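Notes follow in the order I made them.

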Amino acid sequence: MVRSILLRGFDQEMAEKVGAHMETHGVKFIRKFVPVQVEQLEEGTPGRLKVTAKSTEGSEIFEEEYNTVLIAVGRDACTRSIGLETIGVKINEKNGKVPVNDEEQTNVPYVYAIGDILDGKLELTPVAIQAGKLLARRLYGGSSTKCDYINVPTTVFTPLEYGSCGLAEERAVEEYGKQNLEVYHTLFWPLEWAIPGRDNNTCYAKIICSKHDNNRVIGFHVLGPNAGEVTQGFAAAIKCGLTKELLDETIGIHPTCAEVFTTMDITKSSGQDITQRGC
């Protein structure tokens with residue numbers, strides 16, 4: 001059951017492809033509904049549970065019976081009862097998170113915040129660890145290095161992995177303007193899928209480039225096996241200012257999934273077919 005969209009905060013084209021793959025393999029999504037009641041009909045392991053849900057767009061009611069219900073409630077920032085108001089630290093009243101500047105400094109100069117509590121930042125453990133290290137070095141070690149909250153590699157471990165680094169296409173358009181971007185993309189067929197003839201043209205890769213910055217890669221997205229491993233490797237290059245030209249000059253390892261980023265030559269704006277017929 002999906003309240004609004006899949007994978008909020010991620011590139012929505014990629015999120016929809018993740019969803020489509022799961023649906024192809026038997027997962028049923030009930031979109032734009034929220035559960036309002038879970039009633040136990042029969043005890044046992046498993047038992048029987050009746051779920052009642054309401055549409056987020058109208059008065060429609062959905063009812064169905066299941067033997068297991070898993071509720072993903074998300075996270076809550078527990079900031080309203082720790083005395084922040086006593087020293088004047090402001091929070092986002094809507095979600096309880098703490099706004100900070102690019103040095104993790106709150107509106108009170110001597111109070112800093114890091115990690116999942118930050119307003120508008122990624123809720124990822126490695127990000128919190130990195131931010132904490134860099135903050136300590138700035139405060140006590142004479143460093144000036146700040147945490148990069150944009151070029152953060154991350155992976156969604158769905159049945160078909162989705163790895164990303166940098167901006168989602170929607171955010172890139174918002175920040176740079178569609179006319180200032182070039183999006184290169186392709187479908188691909190991993191070798192281990194080609195031999196059994198499985199799920200051809202399901203895996204997908206794209207990079208978002210800034211035209212007026214030497215075609216610098218500002219968004220990296222891959223949907224396929226071991227996407228996390230692929231993304232982690234490219235993340236360092238993106239931090240170093242990776243451009244489309246550098247990717248084109250890189251020799252690919254054949255046959256690997258990551259190789260597609262060295263041979264990608266079709267842009268979205270061209271409208272050309274990206275269907276592949278082999279690995």
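Thr262 came up first: is Thr262 buried or exposed? In this predicted model, Thr262 is buried, with a relative accessible area of 13%. I took under 20% as the cut-off for buried. I then checked the secondary structure and found Thr262 in helix α8, which covers residues 260-263.

Next I listed the neighbours of Thr262, leaving out residues up to four places away in sequence. The residues that Thr262 touches are Leu247, Asp248, Thr250 and Gly252. I also looked up a C-alpha distance: Thr262 and Leu246 are 16 residues apart along the chain, and their C-alpha atoms are separated by 8.7 Å. For the side chain of Thr262, I noted a polar atom 2.7 Å from the backbone oxygen of Glu259.

Nonpolar cores were the next item. Nonpolar side chains tend to be buried together in soluble globular proteins. The largest nonpolar core here has 38 residues. Which residues have the most contacts inside it? I found Ile207, Phe220, Val222 and Phe261. Helix α8 is among the elements that give two or more residues to this core, as are α1 (12-24), α6 (227-239) and the strands β5 (162-166), β6 (181-188), β7 (203-210) and β8 (216-223). I logged another core of 15 residues, apart from the largest one; Val89, Val98, Val100 and Val111 are among its members.

I followed up on Val222.

I turned to strand β8. How many of the eight residues of β8 are buried? The count is seven, and I wrote the strand down as mostly covered. β8 runs antiparallel to β7, and seven bridges join the two. Within that pairing, Tyr204 has Leu223 in β8 as its bridge partner. The hairpin of β7 and β8 has five residues between the strands, and there Asn214 takes a positive phi near 60°. β8 is also joined to β5 by five bridges, again antiparallel. Cys165 stands opposite Phe220 in β8.

With a disulfide requiring two sulfur atoms within 2.5 Å, I counted zero disulfides. Cys147 is in none, and the nearest cysteine sulfur, in Cys165, is 12 Å away.

In an unreviewed entry, UniProt lists residues 152-264 as "domain: Pyridine nucleotide-disulphide oxidoreductase dimerisation". I computed that span as 31% helix and 28% strand, with its end C-alpha atoms 22 Å apart. UniProt, again in an unreviewed entry, lists residues 3-132 as "domain: FAD/NAD(P)-binding". For residues 3-132, I have 19% helix and 18% strand, and the end C-alpha atoms lie 33 Å apart.

Terms used
Residues numbered from 1 in each chain as written. Predicted model: local features only at pLDDT ≥ 70, side-chain atom pairs only at ≥ 80, totals over all residues. Heavy atoms only, no water. Helix = DSSP H or I, 4+ residues; strand = E, 2+ residues; numbered from the N terminus. Buried < 20%, exposed > 50% of the residue type's maximum accessible area, 1.4 Å probe, protein only. Contact = heavy atoms within 4.5 Å. Polar contact = N/O pair within 3.5 Å; in protein donor to acceptor, adjacent residues only side chain to side chain. UniProt positions renumbered as here; feature names shortened; annotations may be inferred. Core = buried A, V, L, I, M, F, W, Y, C linked by side-chain atoms within 4.5 Å. Pairing = 2+ DSSP bridges.
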